[in-house]
Amino acid sequence: MIQPLLRFSIVRRVLSLLGTLGAIASLTACNRAGSVPQGERFPATDTAMGSMPGDSALNFPIMPDPGKTPGATLDVTEADVCVPGYAGRVRNVPTSVKREAYASYGIRTHEPGEYEVDHLISLKLGGSNSIRNLWPESFRTQPWNAYVKDALEDELYRRVCAGALSLTTAQQVIARNWVAGYRRYVSPNPLPAGPHAENRGRSRWRSHRHYTPRSQPNGEAPVP
């Protein structure tokens, strides 16, 4: 009588052990298939809105050379830049400085509407008129160009003045990699510029043609 009971007990233990081993094997397989190792978990938004692998390899004329144009800012606050008309009051880039910006990038000649000497950190985000904040920005490169960067500048400015983003953060975003900044704050991919955006950009360029900084020598033709 004792022997059958002993056998039954042994069989039950073996079956229980096999069941435990099976559960462990199943759990291990699931972990291998679907888990992310600790420290390597990335939110979905980083993939959708962050920088792409190729963004760091973008060079001039899409991105400025960080050695020549690292970006420079004025000592201003959110309250200063969010006053209507602020950027227009501080804009002052003499033709000689524009020529220097073109020369530093090896551009000897260019067609009207091909480039503009742009502030990497825009004036409305506290950017400076220093040569270290200026570079020849292309209107014609695709898909990244001056029109697309304008959209990022507008969005960052909107967020700064709404209190949703600090001015310092906005300056860092646009100075480090404006393409990655666009993906994060505007859209994962550049939105089509469209005829209206293009006309707006060309109108802006035409207006700069006739703008004469206060420090520009008389008789010297402005350089867009």
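In this predicted model, a polar atom of the side chain of Thr 69 lies 3.1 Å from the backbone oxygen of Leu 134, a polar contact being a pair of N or O atoms within 3.5 Å, of which, within protein, one must be able to donate a hydrogen and the other to accept it, with residues adjacent in sequence counted only if both atoms are side-chain atoms. Thr 69 is placed in the loop between α2 (44–49) and α3; helices (H or I, at least four residues) are DSSP runs numbered from the N terminus. With a relative accessibility of 1%, Thr 69 is buried (buried means under 20% relative accessible area, exposed over 50%, partly exposed in between, with a 1.4 Å probe and protein chains only). Not counting residues up to four places away in sequence, Thr 69 touches Pro 64, Tyr 105, Leu 120, Arg 132, Asn 133, Leu 134 and Trp 135, where contact means heavy atoms within 4.5 Å.

A search of the whole structure gives one disulfide, defined as a pair of cysteine sulfur atoms within 2.5 Å. Cys 82 and Cys 161 are joined by this link, with an S to S distance of 2.0 Å. The link is left-handed, with -100° about the S-S bond. Cys 82 lies in the loop between α3 (78–81) and α4 (86–90) and Cys 161 in helix α6 (residues 146–161), so the pair ties together parts 79 residues apart in sequence. Cys 82 is partly exposed at 25% relative accessibility, and Cys 161 is partly exposed at 35%.

Residues are numbered from 1 along each chain as its sequence is written, and side-chain values use heavy atoms, with hydrogens and water left out. Because the model is predicted, local features need pLDDT of at least 70 and side-chain atom pairs count only at pLDDT 80 or more, whereas totals for chains, interfaces and linings use all residues.

Key:
Helices (H or I, at least four residues) and strands (E, at least two) are DSSP runs, numbered from the N terminus.
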